Amino acid sequence: MDLRPRVPAGPIEHKWDSHRFELKLVNPANKRRYQVIVVGSGLAGASAAASLAELGYQVSCFCFQDSPRRAHSIAAQGGINAAKNYQNDGDSIWRLFYDTVKGGDFRAREANVYRLAQISNTIIDQCVAQGVPFAREYGGLLANRSFGGAQVSRTFYARGQTGQQLLLGAYQALARQIGLGQVTMYPRTEMLDVVVIDGRARGIVVRDLVTGAIRSHAAHDVVLATGGYSNVYFLSTNAKGCNVTATWRAHKRGALFANPCFTQIHPTCIPMHGPHQSKLTLMSESLRNDGRIWVPRTKRESRAPGSIPKDERDYYLERLYPSFGNLVPRDVASRRAKEMCDAGHSVVPGGHGVYLDFQDAIQRLGRSTIAERYGNLFEMYERITGDDPYQVPMKIYPAPHYTMGGLWVDYNLMSNLEGLHVIGEANFSDHGANRLGASALMQGLADGYFILPYTIGDYLAQARPGPVDTTHPAFGDVERLVRERTDRLLGVRGSKSVDALHRELGSLMWNGCGMSRTKAGLEETIEHIRALRARFWKEISVTGKGEDLNQELEKAGRVADYMEFAELMCVDALQREESCGGHFREEYQTPDGEARRDDERFSHVAAWEWTGEATAPRLHQEPLAFEYVHLAQRSYR
Ligand SMILES: Cc1cc2nc3c(=O)[nH]c(=O)nc-3n(C[C@H](O)[C@H](O)[C@H](O)COP(=O)(O)OP(=O)(O)OC[C@H]3O[C@@H](n4cnc5c(N)ncnc54)[C@H](O)[C@@H]3O)c2cc1C
């Protein structure tokens with residue numbers, strides 16, 4: 001298979017401009033003849049569907065929630081990056097580009113990252129014009145705060161609800177197009193397969209989650225904006241519904257899955273508190289602007305935090321990384337927290353946790369300033385734990401949060417399957433082996449508002465996919481397979497709940513393919529996943545029936561896909577014999593415990609091809625070249 005990234009030639013700062021000029025256009029009168037399916041209505045999907053409809057395409061948009069406003073994007077708290085340099089603190093497009101390539105540990109495509117940094121400023125303008133209420137300074141300019149991996153303040157925010165406010169902006173634009181009849185919205189509808197005809201994506205098969213009806217939809221192009229797969233770990237900061245189904249089904253139809261083992265474990269989450277928990281809660285990275293992370297120097301300390309004198313505390317991030325302090329990137333902060341807890345300094349007796357302390361900031365800035373900045377996050381923390389963070393430090397520990405891996409896409413955001421574009425967290429692009437905070441919203445909106453609307457036209461203008469409707473036999477074939485699979489899930493009639501087996505998978509993945517990985521551990525985990533998958537198909541109990549609202553059935557389908565996908569994650573982690581970003585192989589580390597890359601062998605994107613149930617996936621490599629940010633050992637000291 002020939003992987004063609006289609007990165008334009010020329011100097012990096014001109015690539016996107018010259019590419020946009022060279023892209024073929026669809027004339028306005030012809031746009032209405034094209035039908036585009038957008039699966040997903042989070043920030044990536046809603047912005048894409050609204051923008052494509054505004055251009056004149058006929059759009060059908062699908063989501064499994066009851067409203068696009070409930071997409072997981074709503075949970076984003078901290079902010080969105082842009083290189084506006086309002087703070088006059090040295091930021092620029094080049095610096096955002098540099099920080100992102102370095103933050104991703106040199107495993108992202110330079111040209112994509114540069115384009116992202118360029119577009120970042122336009123996103124802020126677009127959102128402000130929509131009325132997104134970003135925080136402002138006294139003089140009226142938009143305010144900024146800092147996020148990990150950067151020494152400038154470039155994160156725009158709306159208190160701790162940035163994702164919600166951005167989503168309301170995108171949703172307004174989408175609702176307008178729904179009102180105009182340019183977008184047909186299908187809420188409570190789950191895509192269960194892609195239909196590929198003559199090598200091109202030509203539609204999807206969905207299940208109506210209210211009635212259980214299985215139906216086909218045909219189009220000239222299919223866009224997947226279906227988010228990330230952190231819930232493979234069962235416990236994560238993601239919404240419970242987040243899943244891998246759409247991208248995994250597309251993968252089984254021929255789309256390559258890139259870097260599936262690149263997952264992000266976020267350092268500031270509320271620690272797990274019991275075996276029956278079903279969700280973990282993020283405490284936004286923005287808290288690290290003012291909160292100081294520490295553990296007691298004494299192992300197994302039993303004193304309350306307030307009675308431990310300053311010189312008996314280890315502010316380990318400030319000690320180890322004086323230049324970045326508490327704002328080191330997430331992978332580094334997470335690894336160090338684990339190390340401290342493994343060495344016996346945990347502040348959660350019998351568990352894992354470190355302190356995130358605001359006392360110094362409250363003394364310096366006053367309670368009201370801290371309340372203004374983080375009030376809703378403090379309230380959320382207190383409601384969950386019963387502790388008041390104005391009085392006692394928060395307890396935090398890393399948790400699965402974001403997935404950098406996803407379907408492989410070229411510079412135009414098209415997968416190797418023609419007519420299948422992938423945007424937002426669902427694709428693999430831009431973040432390499434570790435995503436910097438506040439960069440996911442930036443990427444999702446860059447993809448949806450500003451990249452796909454150009455590149456999709458180029459595909460349609462060149463490929464000129466002819467008309468197709470759901471009477472084509474390929475739709476009937478896929479519908480039959482979807483029905484059979486649904487019947488199979490219902491027919492197992494075992495005695496275990498889907499959640500119980502998902503929990504087992506999550507614990508296997510957390511231990512074997514989580515914050516640190518080893519060859520032996522991964523090999524063993526693959527064996528365990530295979531055994532668990534076999535048990536899944538014998539032991540699950542899915543109550544109810546297919547022709548009805550059935551949330552157990554929905555869950556079972558998603559977990560069945562995780563049972564397959566988890567193996568690919570481990571296979572990918574096993575073959576990448578280096579450490580980079582969030583992928584930490586214990587065998588490959590520097591003497592001071594940092595990730596040791598192997599640029600000779602692994603400066604590439606690993607893109608996996610599905611070859612069947614009983615055969616090993618086939619690896620394709622897209623080499624990565626670094627012309628502008630020179631390969632170097634990443635250092636934040
Ligand atoms: C708690 C939390 C806080 C975060 N805070 C920040 C932050 O401050 N800044 C930042 O940059 N990033 C943040 N992130 C990351 C960021 O929120 C996500 O990466 C981003 O919102 C993903 O957007 P998306 O549009 O790609 O996917 P999503 O918002 O997950 O949307 C996916 C959409 O796809 C639909 N879908 C999925 N599968 C199917 C299917 N099979 N059929 C039909 N529809 C389907 C869903 O219904 C949904 O509409 C945070 C993440 C979490 C978990």
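First, the conventions. The model is predicted, so local features need pLDDT of at least 70 and side-chain atom pairs count only at pLDDT 80 or more, while totals for chains, interfaces and linings use all residues. Residues are numbered from 1 along each chain as its sequence is written, and side-chain values use heavy atoms, with hydrogens and water left out.

Overall dimensions. The protein has 17 helices and 19 strands; these are DSSP runs, H or I of at least four residues for helices and E of at least two for strands, numbered from the N terminus. Its radius of gyration is 24 Å, close to the 26 Å from the globule rule for 637 residues, so the protein is as compact as a globular protein of that length. That radius is taken over C-alpha atoms, and the rule is 2.2 Å times the number of residues to the power 0.38. Along the principal axes, the C-alpha atoms fill a box of roughly 75 × 60 × 50 Å. Of the 637 residues, 62% are buried. Buried means under 20% relative accessible area, exposed means over 50%, and partly exposed is in between, with a 1.4 Å probe and protein chains only.

Now the ligand. There are 38 residues around the ligand, and Gln 65, Ser 73, Gly 78, Met 191 and Glu 425 come nearest; a residue counts as near if one of its heavy atoms lies within 4 Å. A polar backbone atom of Ala 44 lies 3.0 Å from an oxygen atom of the ligand, and a backbone N or O atom of Ala 440 is 3.0 Å from a ligand oxygen. A polar contact here is a pair of N or O atoms within 3.5 Å. The ligand taken alone exposes 1,000 Å², of which the protein buries 97%; the areas are Shrake-Rupley with a 1.4 Å probe.

Helix H3 (43-55), strand E6 (189-197), strand E15 (394-403) and helix H12 (440-463) each give two or more residues to the shell. E6 gives the most, with three residues. By type, the shell has 17 nonpolar, 18 polar and three charged residues. Nonpolar covers Ala, Val, Leu, Ile, Met, Phe, Trp, Tyr, Cys and Pro; charged covers Asp, Glu, Lys and Arg; the others, Gly among them, are polar.

Next, strands. An open, antiparallel sheet of five strands runs in the order E11-E15-E14-E12-E13. Its edges are E11 (263-269) and E13 (313-314), each pairing on one side only; pairing requires at least two DSSP bridges. E12 (residues 292-296) is joined to E13 by two bridges, and Val 295 stands opposite Asp 314. Elsewhere, E1 (residues 35-39) pairs with E2 in the parallel sense over five bridges. Val 36 has Val 59 in E2 as its bridge partner. In E2 (residues 58-62), four of the five residues are buried.

Finally, backbone angles. Most residues other than glycine have a negative phi. Phe 234 has a positive phi near 60 degrees; this residue sits in the loop between E9 (221-224) and H7 (245-252) and is buried at 3% relative accessibility. Asn 259 has a positive phi near 45 degrees, lies in the loop between E10 (257-258) and E11, and is buried at 2%.

How values were computed:
A polar contact is a pair of N or O atoms within 3.5 Å; within protein, one must be able to donate a hydrogen and the other to accept it, and residues adjacent in sequence count only if both atoms are side-chain atoms.
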